[in-house]
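Hello,

Here is the structure I said I would pass on. My notes on the sheet and the helix packing follow below.

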Amino acid sequence: MPETLDEAREQGFRTDIVSFVRRSGRLNPRQQRAWDEHAAQLVVDVPRAEARTSVDPAYVLDVAATFGRQAPLVVEVGSGLGEAVVHAAEATPERDFLAVEVYTPGLAQTVLRATQRGLTNVRLLQANAAEVLTTTLPEGSVDELWVFFPDPWHKARHHKRRLVTPSLAELAARAIRPGGTWRLATDWAEYADQMLEVVGANPSFVNVHGVGAVAPRFEGRVRTSFEGKGHAAGRSITDLEFRRV
């Protein structure tokens, strides 16, 4: 990732290392049907820049127009199959939820889950998170940012691909309103330590539970199938909670 916002703009976003790899995947019949019938209403159609998951840096999301109301905004980066974001949207209808994901099958499954529950407070955005946080979201528009179980890239030579870096913390600070919250979770202890170090070193954030402290499990985070795999492998789950100052 670029080290500063200026570099992010100058580099056209996609000259930096990204935290994901391209994967192909077909939609199953139920996902395809949900996508065909509801994607136009739930998936935000953004202008692209260089790549399929890029966003034109001139584009800024009109949050109120997108959801048809003014409400606190929760953004989940890497929403996967939509288990967490859909559960939370159903449990807290007074909030709006934006799911940011690059993989089409995950987005389609999220559309399916949301429409099965008749939710109107969920929207999806297929894009690279760095670009969304840099220019797509208005500054200070996010009440809560969620990064749950990002790819740990556990091999040392791949650590440079990890999502939670000093540059991401800078971008998160831009998007989250003062007093807002950044929640993170991982099932890799070493990555949790890195998250604590990275976000704790950014002066725009304060650890809600004390310097270097982990948070109790976030009650608003449903246990997903991915988290279940971590438990099955014998890994403990770490939650972190930071406040934007």
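**Sheet and helix contacts**

Strand E6 (residues 205-207) pairs with E7 through three bridges, and the two run antiparallel. Within that pairing, Val206 has Arg243 of E7 as its bridge partner. Please keep in mind that this is a predicted model.

On the other pairing of E7: strand E5 (residues 176-186) is joined to E7 by six bridges, again in the antiparallel sense. Here Leu184 stands opposite Leu240 of E7. As for burial, six of the seven residues of E7 (residues 238-244) are buried, so the strand is largely enclosed by the rest of the structure.

These strands belong to an open sheet of seven strands, ordered E3-E2-E1-E4-E5-E7-E6, in which the pairing is mixed. The edges are taken by strand E3 (122-126) and E6; each has a single partner strand, so one side of each is left without a neighbour in the sheet. On average, neighbouring strands are turned by 20° against each other, direction ignored.

Helix H7 lies across strand E4 (142-148), E5, E6 and E7, and runs at about 140° to E5.

H7 also packs against another helix. The axes of helix H6 (residues 129-136) and helix H7 (residues 166-175) come within 8 Å and cross at roughly 40°. The two helices are therefore oblique to each other, and their crossing is left-handed. On the H6 side the contact is made by Ala130, Leu133, Thr134 and Thr135, and on the H7 side by Leu168, Leu171, Ala172, Arg174 and Ala175. By class, the residues of this contact are six nonpolar, two polar and one charged.

A further helix pair is formed by H4 (residues 83-91) and H5 (residues 104-116), whose axes come within 9 Å and cross at roughly 20°. Angles under 35 degrees count as roughly parallel, which makes H4 roughly parallel to H5. The crossing of H4 and H5 is right-handed. Glu83, Val85 and Val86 of H4 meet Thr110, Arg113 and Ala114 of H5 in this contact. The contact of H4 with H5 divides into three nonpolar, one polar and two charged residues.

Regards

Notes:
Residues numbered from 1 in each chain as written. Predicted model: local features only at pLDDT ≥ 70, side-chain atom pairs only at ≥ 80, totals over all residues. Heavy atoms only, no water. Buried < 20%, exposed > 50% of the residue type's maximum accessible area, 1.4 Å probe, protein only. Helix = DSSP H or I, 4+ residues; strand = E, 2+ residues; numbered from the N terminus. Pairing = 2+ DSSP bridges. Axes fitted to C-alpha atoms, helices over the stretch in contact; angles between N-to-C directions. Parallel < 35°, antiparallel > 145°, perpendicular 65-115°, else oblique. Left-handed = near helix turned anticlockwise from the far one by under 90°. Contact = heavy atoms within 4.5 Å. Nonpolar A, V, L, I, M, F, W, Y, C, P; charged D, E, K, R; others polar.
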